[in-house]
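Subject: Structure handover

Hello,

Here is the structure for your files. My notes follow below it.

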Amino acid sequence: MASAIPEVIKAKKTIDYSVKHSLQNTWTLWFDNPGKKTDAQSWADNLKEVSSIETVEDFWSTLNNVCKINHLAPNSNFHLFKQGIRPEWEDPANAEGGKYGIQFPRSKTGDAINDYWMNLLLAVIGEQLAIEDEVCGAVVSVRKSFYRIALWTKTSKDEEQTEKISKQLRDVLNLPEEITIDFVPHVDSTAKVAATLASTTLEENVTTEEESATTKEEA
């Protein structure tokens, strides 16, 4: 057995397992699964804090004890953000920023999504990106036909920086060329969601009016 090898026995005697290795920043892991229809308030209420990560040991303990990404139900999301920053567009640290999104087809990705997510987290908590002060957090989303991971940053108007971060992400994750990285400012995402909600509300109102008219005609 490996544990009987002299070198292993010596290592076990000399390693101090009580020593913790602090990270440069403290991070918070969040989880949510709001379902298909939700508004901003119900989504925020559904967002749950899982754990606080201050050390390397905290990170591995957390990662090893939460559900693997490929085992999560559709519409689930994990968020790892710097302590004090909520994974919401409205948070002051995120308001002027954006996200670098990478989408993977579920049918072709399989359990490889777990490695992509882990490598992104290691780059984030290990401050491997040259713009670590810009990083707010990382998100992984599970949908019916795809997975998506994203890096959230504080600013969105520096095109040179955007290109630099995109290149770093491709290198860190060792992404195939056919997989693209899309950068979207949060203000654009907010406007898109607002338009979608307005459209949905309008459709629901029209449906309600039609149903009401039908009921009156039947009466």
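The chain contains 7 helices and 7 strands. Please keep in mind that this is a predicted model. Read from the N terminus, the order of elements is α-β-α-β-α-β-β-α-α-β-β-α-β-α.

Some totals for the chain come next. It has 219 residues, and 36% of them count as buried. The accessible surface is about 13,200 Å², with 52% of that area belonging to carbon and sulfur atoms. If contacts are limited to pairs at least 6 apart in sequence, 73% of them join residues at least 24 apart.

Helix packing

Two packed helices are described by the angle between their axes and the distance between the axes. I have notes on two such pairs, and helix H5 (residues 112–125) is in the pair with H3 as well as in the pair with H6.

The axes of helix H3 (residues 56–63) and H5 lie 12 Å apart, at an angle of about 160 degrees. Angles over 145 degrees count as roughly antiparallel, so H3 is roughly antiparallel to H5. The crossing of these two helices is right-handed. On the H3 side, the contact is made by Phe59, Trp60 and Leu63; on the H5 side, by Met118, Leu121, Leu122 and Ile125. By class, the residues of this contact are 7 nonpolar, no polar and no charged.

H5 also packs on helix H6 (residues 159–173), with the axes 9 Å apart and an angle of about 125 degrees. That angle makes H5 oblique to H6. Here too the crossing is right-handed. H5 contributes Tyr116, Asn119, Leu120 and Ala123, which meet Leu169, Val172 and Leu173 of H6. This contact divides into 6 nonpolar residues, 1 polar and no charged.

Pro185

Is Pro185 buried or exposed? Its relative accessible area is 17%, and buried means under 20%, so Pro185 is buried.

What does Pro185 touch, leaving aside residues up to four places away in sequence? The residues in contact with Pro185 are Gly97, Gly98 and Ser156. Gly98 is 87 residues from Pro185 in sequence, while the two C-alpha atoms are 3.8 Å apart in space.

Regards

How values were computed. Residues are numbered from 1 along each chain as its sequence is written. This is a predicted model: local features need pLDDT of at least 70, side-chain atom pairs count only at pLDDT 80 or more; totals for chains, interfaces and linings use all residues. Side-chain values use heavy atoms; hydrogens and water are left out. Helices (H or I, at least four residues) and strands (E, at least two) are DSSP runs, numbered from the N terminus. Buried means under 20% relative accessible area, exposed over 50%, partly exposed in between (1.4 Å probe, protein chains only). Contact means heavy atoms within 4.5 Å. Accessible areas come from the Shrake-Rupley method with a 1.4 Å probe; for residues, only the protein chains shown count as cover. Axes are lines fitted to C-alpha atoms, for helices over the stretch in contact, and angles run from 0 to 180 degrees between N-to-C directions. Angles under 35 degrees count as roughly parallel, over 145 as roughly antiparallel, 65 to 115 as roughly perpendicular and the rest as oblique. A crossing is left-handed if the near helix is turned anticlockwise from the far one by less than a right angle, and right-handed if clockwise. Ala, Val, Leu, Ile, Met, Phe, Trp, Tyr, Cys and Pro count as nonpolar, Asp, Glu, Lys and Arg as charged, and the others, Gly among them, as polar.
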